[in-house]
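Look at the two chains below before reading on.

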Amino acid sequence: MHFEKGRLSIACVCMVLGFMLVIQFRSTEDIRASQPTQRVEELAARLHQAEAENQALEAENRDLKGMSGDAKSEKITDDIMMISGMTPLEGPGIVITIDDSAKKAKVENDPNLYLVHDEDILKVVNELRAAGAEALSINGQRLTANSEIRCAGPTISVNNVRSAPPFEIRAIGDKDNLTNAINMRGGVADSLKVWGISLNIQPMDNVWIPAYKATAKYKLANRSSKEEETK
Amino acid sequence: MIYAVVGLLIGGALGFLVPFGIPAGYSSLFSVALMACLDSVFGGIKAACSGNFDDKIFISGFFTNSLMAAFLVYVGDRLGIDLYFVALLAFGLRIFNNLGFIRQHLLKKH
């Protein structure tokens, strides 16, 4: 090799190269060490925190349940829990399964008509409530007083949890009443069947409905002692 | 050859001693500049093998290539053109070409 001409210059260049190599190596190591691991650690810490919080709340819940020894107050608490959706319930009722249309969309029709929408679910739920359903859940989400049924892109969000079709609506109540309310002529089932949306009603002797899983948080609303509105 | 190795070692030591690293935002520019430097070095070795090594060309190429590569990637970034991969590909190809040439030269010699 014929490097003899510029030994010093080559040494300089090699020095710069070595410097750059090491700097690059170091910063890559830094990035590798810092970003993903930091994120993982952060997430793990958050998970631990949430789990601990959850356990504490569960323990508190159990203690409170145990403490109310008075039968009357327990009864009241039970009723409130049932109404608010904080306990899982079971009883006779129906399970409705709604799925997108299996029909092929006609060219001249809007393909949206062949899909299940939040409005369809809302209508079904409304009919069930009017027919005296005591408890309702959609795809495992208990419907509470604060639950929303809302379109979220291709999915439907209930209790801020999204789920995709098929939707399984469980209802506890009088089987015949609930079934008839849905199958009423000109009712919900009829209007959905036009588009081929499948709506399957299954009366059952024992329907299980889960509890509302999230905790109720009231950030803005406060308890009021006023019984009537004063001006 | 000794000079080159000693230079490399001194540079490496300096790199370890310097307290700062490359900010994450500029790491892509820096890596492209590094690729350009490596390319220049392999080009220099190739030139030395074929006997027409010129230190002026080598040094000017070394610095201009790396600065221009980083600058182009920077401009591309600003314009929304991802020149980063293009530069890496181009330098990578050239490095491997030069490496092949050097290997053939050494094999022929011995």
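Along its sequence, chain B follows the pattern α-α-α-α. In secondary structure, chain B has four helices and zero strands; helices (H or I, at least four residues) and strands (E, at least two) are DSSP runs, numbered from the N terminus. This is a predicted model, in which local features need pLDDT of at least 70 and side-chain atom pairs count only at pLDDT 80 or more, while totals for chains, interfaces and linings use all residues. Residues are numbered from 1 along each chain as its sequence is written, chains are lettered from A and ligands numbered from 1 in the order in which they are written, and side-chain values use heavy atoms, with hydrogens and water left out.

**Chain B as a whole**

- Taken along the principal axes, the C-alpha atoms of chain B fill a box of roughly 50 × 35 × 25 Å.
- Of the 110 residues in chain B, 35% are buried; buried means under 20% relative accessible area, exposed means over 50%, and partly exposed is in between (1.4 Å probe, protein chains only).
- Among the contacts in chain B with a separation of 6 or more, 75% come from residues 24 or more positions apart; contact means heavy atoms within 4.5 Å.

**The interface of chain B and chain A**

- On the chain B side, 37 residues are in contact with 24 residues of chain A.
- The size of an interface is often given as the accessible area lost when the parts come together.
- Here the two chains bury about 3,000 Å² between them, and 81% of it is on carbon and sulfur atoms; buried area is the accessible area (1.4 Å probe) that two parts lose on being put together, summed over both.
- Three residue pairs are in polar contact across the interface, both residues being at pLDDT 80 or more. A polar contact is a pair of N or O atoms within 3.5 Å; within protein, one must be able to donate a hydrogen and the other to accept it, and residues adjacent in sequence count only if both atoms are side-chain atoms.
- On the side of chain B that touches chain A, the elements giving two or more residues are helix H1 (2-17), helix H2 (27-50), helix H3 (55-79) and helix H4 (83-109) of chain B.
- H2(B) gives the most to this side, with twelve residues.
- By class, this side of chain B has 27 nonpolar, eight polar and two charged residues. Ala, Val, Leu, Ile, Met, Phe, Trp, Tyr, Cys and Pro count as nonpolar, Asp, Glu, Lys and Arg as charged, and the others, Gly among them, as polar.

**Salt bridges**

- Side chains of opposite charge can pair when their charged atoms come close.
- A salt bridge is a side-chain nitrogen of Lys or Arg within 4 Å of a carboxyl oxygen of Asp or Glu.
- Glu42(A) and Arg46(A) form a salt bridge at 2.9 Å, N to O. Both lie in helix H1 (residues 7-67) of chain A, four residues apart, about one turn of the helix.
- Glu42(A) is partly exposed at 41% relative accessibility, and Arg46(A) is partly exposed at 48%.
- Asp205(A) forms a salt bridge with Lys175(A), with the closest N and O atoms 2.5 Å apart. Asp205(A) lies in strand E8 (residues 198-209) and Lys175(A) in helix H4 (residues 175-183) of chain A, so the pair ties together parts 30 residues apart in sequence.
- Asp205(A) is exposed at 62% relative accessibility, and Lys175(A) is partly exposed at 25%.
- Arg94(B) forms a salt bridge with Asp39(B), with the closest N and O atoms 3.0 Å apart. Arg94(B) lies in helix H4 of chain B and Asp39(B) in helix H2 of chain B, so the pair ties together parts 55 residues apart in sequence.
- Arg94(B) is partly exposed at 44% relative accessibility, whereas Asp39(B) is buried at 1%.

**Asn98(B)**

- Asn98(B) is in helix H4 of chain B and is buried, at 8% relative accessibility.
- Leaving aside neighbours within four places in sequence, Asn98(B) is in contact with Asp39(B), Phe42(B), Gly43(B) and Lys46(B).

**Strand E2 of chain A**

- Strand E2 (residues 135-138) of chain A is covered on both faces, with Ala135(A) and Ser137(A) buried on one side and Leu136(A) and Ile138(A) buried on the other.
- Four bridges join E2(A) to strand E7 (residues 167-172) of chain A, and the two run antiparallel; two strands pair if DSSP finds at least two bridges between them.
- The bridge partner of Ser137(A) in E7(A) is Arg170(A).
- E2(A) also pairs with strand E3 (residues 141-142) of chain A in the antiparallel sense, over two bridges. In E3(A), Gln141(A) stands opposite Ile138(A).
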